[in-house]
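This briefing covers a two-chain model, topic by topic. Please keep the sequence and the structure in view while reading.

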Amino acid sequence: MLAGSRRAVGDQMIFVGSARHGYGPRLLALISYVLPAVFIIAPLASFLAYSFFRMENGQIVHDLSLGNYRRFFADAIFVPVLWQTCLLCLSVAALATLIGYPVAFLLASLKGRRRHFLLLMVLVPLLMSYIIKIYAIRSILGGNGFLNRFMLWTGVIEQPLTVFVFNLNAVLLTLTVLLIPFAILPIFLALERIPRSLIEASVDLGASSLQTFVRIILPLSLPGVITAATFVFVLAIGDFLTPQMVGGQSGFTFGRIVFSQFGTAFNWPFGAALSAILAIVVISVIALGNRVGQRST
Amino acid sequence: MPLSMNRRTALGMALAAPVILRSSRAFAAKELRVMAWQGYADDDWVKEFQDQTGATANVVFIGTDDEIWAKIKGSEGKDFDVFAVNTAQLQRYIDGGLTTPHDLAKIPNQKNVLPRFQDLSKVKGIMRDGKAHAVPFCFDSIGIIYDKDKVNPPPDSFESFWDPKYKGKILAYDNGEHNFSFTALTMGIEDPFHLNEEQMGKIKEKLIALKGNVLSFYTTPDEALQLYKSNDVALIWANYGQQQVKAMKDAGANIEYVNPKEGALAWLDTWAMTSGVQDPDLAAAWVNFLLQKKIGEQLSQRTGFGNTVVETGSAGANDKLVWLDFVEDPTKRSDMWNEIKAQP
């Protein structure tokens, strides 16, 4: 009944759209091409162009060369830092997906008001400023932070722990906490799209809940899981604030290097080249995610 | 020596000059065009200056060094009479012929300033070819903030940052340029702003060692304060000087500030006259007006920065200050700083 009425609305919309001849739709189409071209493609292209320039005596020299890319491979620090950053972000993606899945599952199984409430709880952190969240997490994880004081109070530990402050663990934890909503939503959507009839059929045919989950629900939600992991990875790898603010002296990531090229180093061409390399990594991951996601459906 | 003789002669003449006669609305209907940082030309000062001189002072506030350069260079000095600029930046204005040297005889208050600013030939970057191209006005040092409960006796050297006793209890600043400079001072290098390959290599090693002792590298004063509150911090490399001290004390921290014996890096803002100054006497009157004790005290109270007239927490009389200068190669320092941070 519900599905039927939804389809009816859809038909009507198509009807309205096709009935309107003239410039309207064409203008819309034009805008939808021009906006991304001006605000996304053009800046990215200028970035790419910059990456072939070089600096000389504090001035950008507009000669084209591959020098910046050569330096990326020649210098001993860039490849290892990029690799380490990729590993870190993969862990973040894995953790966020693992934690996000049960939440999304619960969300999909709830009905009515409770579902709306939980969904709201998941989305609320996204309305808050990113920096405020990092600050909050930092006061929880700090040496005299909430976590340590709580554990001291309960007698679990005798000395404040430093395992979770100002190192890569802290970056991992903070990024995971910050990005979990981005993992929950795609998984939730994928779970919701699984037709109830399939699950009911599985139960009717005598499968246990575990069997139903492993053989029906999990495979069908896999595209959502992959989208979630890709989302989180991409967002994590572009982040340069979190490592700076909770990473301490050892939380150095690729994003920090890129950031410094546009700040203190004042080497925009090299920064652009590093960004281009990062973009290649991100695009490869998205492409890979797409591929795996498609194969699993 | 001849320099300071000139200066003394000039000051002698200043005493003889009828300063008092000139001060009563001698500049009626004239206009003074001032470019200043926020806090260097407060409304009440401007009003008092206008009442005293009869002139109108139009102040434009700027936000960055580059903005000053764009405005002064853009008009070849013609749009302003007097501007605030730090000693490192000042050099390119002198090079470009965009300044007019001060006639110190017209700035009698300069002879009442703190001892370290008395002899302008001893303040790096002020004099060129025997002429004072600027008059120091405001400064701050980058010393050490220490927690009085955790560091006893008080530190007197940057070496404390490498002391294993304070491992994981140190906040340093995330900037390659400054970190190379202060480490050079710690290692006894005379000119921390112009380092050779060999010196840079040694400093890099020492900074890697520093990294191991540090809890975190901060960038803003707020961040440092928050880190201090939620962690066991004993020492802070105080990039924001007295501003930071004030913010921490206001937050109830039991801290104190000290300039180390190796010398603290310090910035110094000055007043310079442009090449297009319309009335040098009026510009001199402005600078002289700002060098009053009362203004100096208010400046420090309001901004937290040190002034050149009355002693403040920025520097004791015997503290060694090393005025900041441009470094040999900022990009190289930044790259090396990245290498240091990338060390496992």
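In this predicted model, 22 residues of chain A are in contact with 21 residues of chain B.

**Contact between the chains**
- On the side of chain A that touches chain B, α6 (130-141) and α12 (254-262) of chain A are the elements that give two or more residues.
- The largest contribution to that side comes from α6(A), with three residues.
- By class, the side of chain A that touches chain B holds 10 nonpolar residues, 11 polar residues and one charged residue.

**Chain B overall**
- Chain B contains 13 helices and 15 strands.
- Along the principal axes, the C-alpha atoms of chain B fill a box of roughly 65 × 45 × 35 Å.
- Of the 344 residues in chain B, 46% are buried.
- Counting contacts in chain B between residues at least 6 apart in sequence, 78% join residues at least 24 apart.

**Domains of chain B**
- Chain B is divided into domain 1, covering 2-140 + 267-313, and domain 2, covering 144-258 + 323-342.
- The C-alpha centres of these two domains of chain B are 32 Å apart.
- Their contact involves 11 residues from domain 1 of chain B and 10 residues from domain 2 of chain B.
- On the domain 1 side of this contact, α5 (87-95) and β13 (264-274) of chain B each supply at least two residues.
- That side of domain 1 of chain B has four nonpolar, five polar and two charged residues.

**Nonpolar cores**
- The largest nonpolar core has 141 residues, and V232(A), V82(B) and W286(B) touch the most other members.
- Helix α8 (residues 168-193) of chain A gives the most to this core, with 17 residues.
- Another core, of 14 residues, lies apart from it and includes Y50(A), F78(A), F254(A) and F270(A).
- Beyond its neighbours within four places in sequence, V232(A) is in contact with V92(A), A93(A), A96(A), T97(A), L179(A), F182(A) and A183(A).
- In soluble globular proteins, nonpolar side chains tend to be buried together.

**Helix α3 of chain B**
- In α3 (residues 43-53) of chain B, the residues W45(B), F49(B) and T53(B) are buried.
- An α-helix has 3.6 residues a turn, so residues three or four places apart point the same way.
- The exposed residues D43(B), D44(B), K47(B) and D51(B) are on the face of α3(B) turned away from its buried side.
- The partners of the buried residues of α3(B) are β2 (56-62), α11 (280-290) and α12 (293-303) of chain B.
- Just after α3(B), G54(B) has a positive phi of about 85°.

**The site of G77(B)**
- G77(B) is in the loop between α4 (65-74) and β3 (82-86) of chain B.
- With 23 other C-beta atoms within 10 Å, G77(B) is buried.
- Not counting residues up to four places away in sequence, G77(B) touches I72(B), L98(B), T274(B), S275(B) and G276(B).
- G77(B) and F49(B) are 28 residues apart along the chain, and their C-alpha atoms are separated by 23 Å.

Conventions
Residues numbered from 1 in each chain as written. Chains lettered and ligands numbered in written order. Predicted model: local features only at pLDDT ≥ 70, side-chain atom pairs only at ≥ 80, totals over all residues. Helix = DSSP H or I, 4+ residues; strand = E, 2+ residues; numbered from the N terminus. Buried ≥ 20, exposed ≤ 12 C-beta atoms within 10 Å, placed from the backbone. Contact = placed C-beta atoms within 7 Å. Domains from an automatic or database assignment. Nonpolar A, V, L, I, M, F, W, Y, C, P; charged D, E, K, R; others polar. Core = buried A, V, L, I, M, F, W, Y, C linked by C-beta atoms within 7 Å.
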